[in-house]
Amino acid sequence: MAHRRELDSVKIIEQCQVSPPPNSVPSTTLPLTFFDIPWFFCNSIQRIFFYEFPHPTHHFLQEALPILKHSLSLSLQHFFPFASNLIVPPQLHLSHIRYLHGDSLSFTVAESTADFNLLTSDSPQDVQNWHPLVPTLPSARVEQDGIRVMPLMAIQVTLFPNSGFSICLTFNHLAGDGKSLHHFIKFWASLCNARGEFTSIEASLSLPSHERDKVKDPKGLKFIYFQELEHFESKSMEFAGLVRDVSTNKLRFTLVLSLEQVEKLKKWVSLKCASNDSGLLHISTFVVACSIIWVCMIRSEEKRAICFSEECDELCHLVFLADCRDRPEFSLPSTYFGNCLTAYIVAIKRNELVGEDGIVAAANAIGKEIRYLKSDPLRNAETLMSDYRELGKPGKSVLVIAGSPKLGVYQTDFGWGKPKKCEAAHIESSGSISLSDCRDEKGGIEVEHFRK
């Protein structure tokens, strides 16, 4: 049974702006790289953390909130793009990120009467339950000559009296990818845990690298991608690619796979491949999890009688992303701040996925793309934008894999222990599932998904 709470259960306590410490960051302009441009019309990304905090509101406001804000300000000194603005002139190819003295991000404090235990459970619940906990980015303002100035991040802290609180970050993907986001969050959490005493933990913290001039573009992808942007039908800064309809008639689920279950699944897939002489190219937790979930979702569509024939040769697509920071072709540090992802598109006929060996077919196809990644991370990159546009057409079957267990989302401790729950709130509208590490078991995996 799905649970839904009242939508008017959140009261705003404070709305303010948080900026880096005065005079700590000079005015700075950061160019967009070819890694950034595919996210130009992407919907906002939303990551939410829930923490247990069995204290009343006044205790949180007096003891916890000041250090949260202070450590955030100190963190923004190093992760200043999140306090910056995206500058979008009428000539899109001149777009860039700009920080000026005094720039800041929106910070909201709220109080909720919702059931904290329900919100942090793995049981099915209405997607609208989390909507009041998620901040929206401030609207863009228009300067002279039609230049749009767009904030890149907003944060909301919501208190559940005597139970816990949530921290939700909404940001524009053009500012950075998941690795950059979680570098920032962990940095902020570490400073907060240390009560803002940077010197006491300085040796254990890694600073972000903003050297975007080191991003090599041997295929001239930046020019190609900006040319492709001109063909997108939507120019409203809403993604015209893989985003599907935003439906409120959806349920949120979390599937938890233990390490033991993952290993059994990997062994089972290996045996199936061996019996079929399919020669699986790459087997991993990621390959197995994606294959099984993809097949189950396609079969679920069939069971809901969407009129698919067993002979249907319609292509089903799975899109996954891979981090390129450690690739020798780019030689970027692991602390590089920005986007550094390449996308891979797997296509299989529907009748293969729903067939007896669907999981084996999916695992082989995904494994093949991972092999291509290792040999050429920019394989087919020239057509990525046009491929996105094609997959965004109505009627296409597309599953996007967001997140990664490697991000270690449950290792984010602000001083009140590891999160009770951490998920990607935005994927309900993007035809995605989200993968993360498991809270209670090393090597396990959490899969967040939705269905109507």
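Contact here means heavy atoms within 4.5 Å. This is a predicted model, where local features need pLDDT of at least 70 and side-chain atom pairs count only at pLDDT 80 or more, while totals for chains, interfaces and linings use all residues. Residues are numbered from 1 along each chain as its sequence is written, and side-chain values use heavy atoms, with hydrogens and water left out.

View 1. Asp36 sits in the loop between strand S2 (28–31) and strand S3 (45–52); helices (H or I, at least four residues) and strands (E, at least two) are DSSP runs, numbered from the N terminus. With a relative accessible area of 0%, Asp36 is buried (buried is under 20% relative accessible area, exposed over 50%, partly exposed in between, with a 1.4 Å probe and protein chains only). Leaving aside residues up to four places away in sequence, Asp36 touches Pro31, Leu174, Arg212, Gly338 and Asn339. Two of these come with side-chain polar contacts: Arg212 at 3.0 Å and Asn339 at 2.9 Å. A polar contact is a pair of N or O atoms within 3.5 Å; within protein, one must be able to donate a hydrogen and the other to accept it, and residues adjacent in sequence count only if both atoms are side-chain atoms.

**View 2. Asn339, the partner of Asp36 at 2.9 Å.** Look for Asn339 in the loop between strand S13 (315–323) and strand S14 (341–349). Asn339 is buried too, at 0% relative accessibility. Its side chain gets to the backbone oxygen of Leu174 at 3.4 Å, and a polar atom of that side chain lies 3.2 Å from the backbone nitrogen of Asp177. Residues touching Asn339, beyond four places in sequence, include Thr33, Phe35, Trp39 and His173.

View 3. Zoom in on S3 and strand S11 (residues 164–171) and you get antiparallel pairing over eight bridges, with Phe49 opposite Ile167 in S11.

**View 4. Helices H5 and H10 side by side.** The axes of helix H5 (residues 221–229) and helix H10 (residues 384–391) come within 9 Å and cross at roughly 30 degrees. Axes are lines fitted to C-alpha atoms, for helices over the stretch in contact, and angles run from 0 to 180 degrees between N-to-C directions. That makes H5 roughly parallel to H10 (angles under 35 degrees count as roughly parallel, over 145 as roughly antiparallel, 65 to 115 as roughly perpendicular and the rest as oblique). Tyr225, Glu228 and Leu229 of H5 meet Leu384, Met385, Ser386 and Arg389 of H10.

**View 5. Two positive phi values.** Asp145, in the loop between strand S8 (141–142) and strand S9 (148–151), has a positive phi of about 65 degrees although it is not a glycine. Asp145 is exposed, with a relative accessible area of 65%. Asn380 is in the loop between H9 and H10, with phi near 65 degrees, and is partly exposed at 45% relative accessibility.

Conventions: Two strands pair if DSSP finds at least two bridges between them.
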